[in-house]
Amino acid sequence: MENVVKENKYDCIRLENQFCFPLYACAKEVVRQYRKPLENLNLTYTQYIVMMVLWEFGGMTEGELGKKVQLESGTLAPLLKRLEKRGLIERIRPESNERKLFLKLTPDGEALKQKALTIPDEMRRCLHMPEEELLLLRELLNKALRSMEMR
């Protein structure tokens, strides 16, 4: 009888009872699944996220971009340098405020947007779930993110 009580006491720290583990494992797998389709664009998953934001919103500061993609400057700066080296973005320091770094797409970066149109459909085929479940999952994940940002 004592073993049953002890086992129940530790149920809260069993891996199978954690909501964070399937979220972590799923996120890792989704990023892995993106590798093949993104090879055609010669982008990593994180670079793809950055490019999607720039395609959607156009030019912005590094700080604004960091907030949108939830990356710190130390992670974002080397990624942006690589995108600039590839000729996809320009990093501009305005004379009026040299501490700010402004980012904008180059014509090559803008042209890559057309090639990226196939990526969402390719990824949907990896997830064998009905569209309404995928939309619900996205909604719940966004809700979880918002609730953690409030703290």
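Which strands does helix 5 lie across, and at about what angle to strand 2 does it run? Helix 5, made of residues 73–85, lies across strand 2 and strand 3 and runs at about 120° to strand 2. Helices (H or I, at least four residues) and strands (E, at least two) are DSSP runs, numbered from the N terminus. The axes are lines fitted to C-alpha atoms, for helices over the stretch in contact (heavy atoms within 4.5 Å); angles run from 0 to 180 degrees between N-to-C directions.

This is a predicted model, in which local features need pLDDT of at least 70 and side-chain atom pairs count only at pLDDT 80 or more, while totals for chains, interfaces and linings use all residues. Residues are numbered from 1 along each chain as its sequence is written, and side-chain values use heavy atoms, with hydrogens and water left out.

The sheet is open and has three strands in the order 1-3-2, with antiparallel pairing. Strand 1 (60–61) and strand 2 (89–92) are at the edges; each has a single partner strand, so one side of each lacks a neighbour in the sheet. Two strands pair if DSSP finds at least two bridges between them. Strand 2 and strand 3 (residues 102–105) run antiparallel and are joined by four bridges. Here E90 stands opposite K104 of strand 3.

A disulfide is a pair of cysteine sulfur atoms within 2.5 Å, and the count by this rule is zero. C12 is in no disulfide, and the nearest cysteine sulfur, that of C20, is 12 Å away. C20 is likewise in no disulfide. With buried meaning under 20% relative accessible area, exposed over 50% and partly exposed in between (1.4 Å probe, protein chains only), C12 counts as exposed at 55% and C20 as partly exposed at 42%.
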